[in-house]
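Dear colleague,

Please find the structure below, together with its sequence. A short account of what was found follows.

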Amino acid sequence: MEKEILNTVAALEMLSGEKELYKMLIDAFISESPNNLDTIDVLIGEKKYEEARAYSHKIKGSASQIGAEQLAFALQYLEDGLKGNMTADVSALSKNANFVYNKTITFIKDFRQTL
C-alpha cells in the first residue's frame, strides 16, 4: 500500500474526529519540526547517532499523529540507520528525510488553509 503525503482520514480517526485538535497538531508540527530536522543533521555531522535517533523518533511520532505517512516512513528508515540496523549511509537517509519533509510541509501548509 502506497503511503500518502497526508492521510487526514487516518489522523482524524486517531483523534476521534477532533478537527480543532488536528489543527493544533498541524500548527505545532509546522513550527517545531524544522528545528528538529536541522538538529538531526548537526548531530549526524558530530557522529552523535543516538541523539540524532531520538530526534528522528520524536519527529516520526509527530508526523504519524498528523497522518504524514511518507515522512514517518522516511524517518523510520533514518531511525533504523542511526540504530545501526542498516548498512545505509545515514547522511543519505537524512537527506531523503529532509526532501520528504519539504514536500510534506508544502502540502500541509496548503492543506492547513482549507481547515
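Is Ile 26 buried or exposed? Ile 26 is buried, with a relative accessible area of 0%; buried means under 20% relative accessible area, exposed over 50%, and partly exposed in between, with a 1.4 Å probe and protein chains only.

The model is predicted, so local features need pLDDT of at least 70 and side-chain atom pairs count only at pLDDT 80 or more, while totals for chains, interfaces and linings use all residues. Residues are numbered from 1 along each chain as its sequence is written, and side-chain values use heavy atoms, with hydrogens and water left out.

Ile 26 lies in helix 2 (helices are DSSP runs of H or I, at least four residues, numbered from the N terminus). Apart from neighbours within four places in sequence, Ile 26 is in contact (heavy atoms within 4.5 Å) with Ile 66, Ile 108, Phe 111, Arg 112 and Leu 115.

Ser 94 belongs to helix 5 and is buried, with a relative accessible area of 3%. Beyond neighbours within four places in sequence, Ser 94 is in contact with Ile 40, Asp 41, Ile 44 and Leu 78. The side chains of Ser 94 and Asp 41 are joined by a polar contact of 2.4 Å (a pair of N or O atoms within 3.5 Å; within protein, one must be able to donate a hydrogen and the other to accept it, and residues adjacent in sequence count only if both atoms are side-chain atoms).

Terms used: Helices (H or I, at least four residues) and strands (E, at least two) are DSSP runs, numbered from the N terminus.
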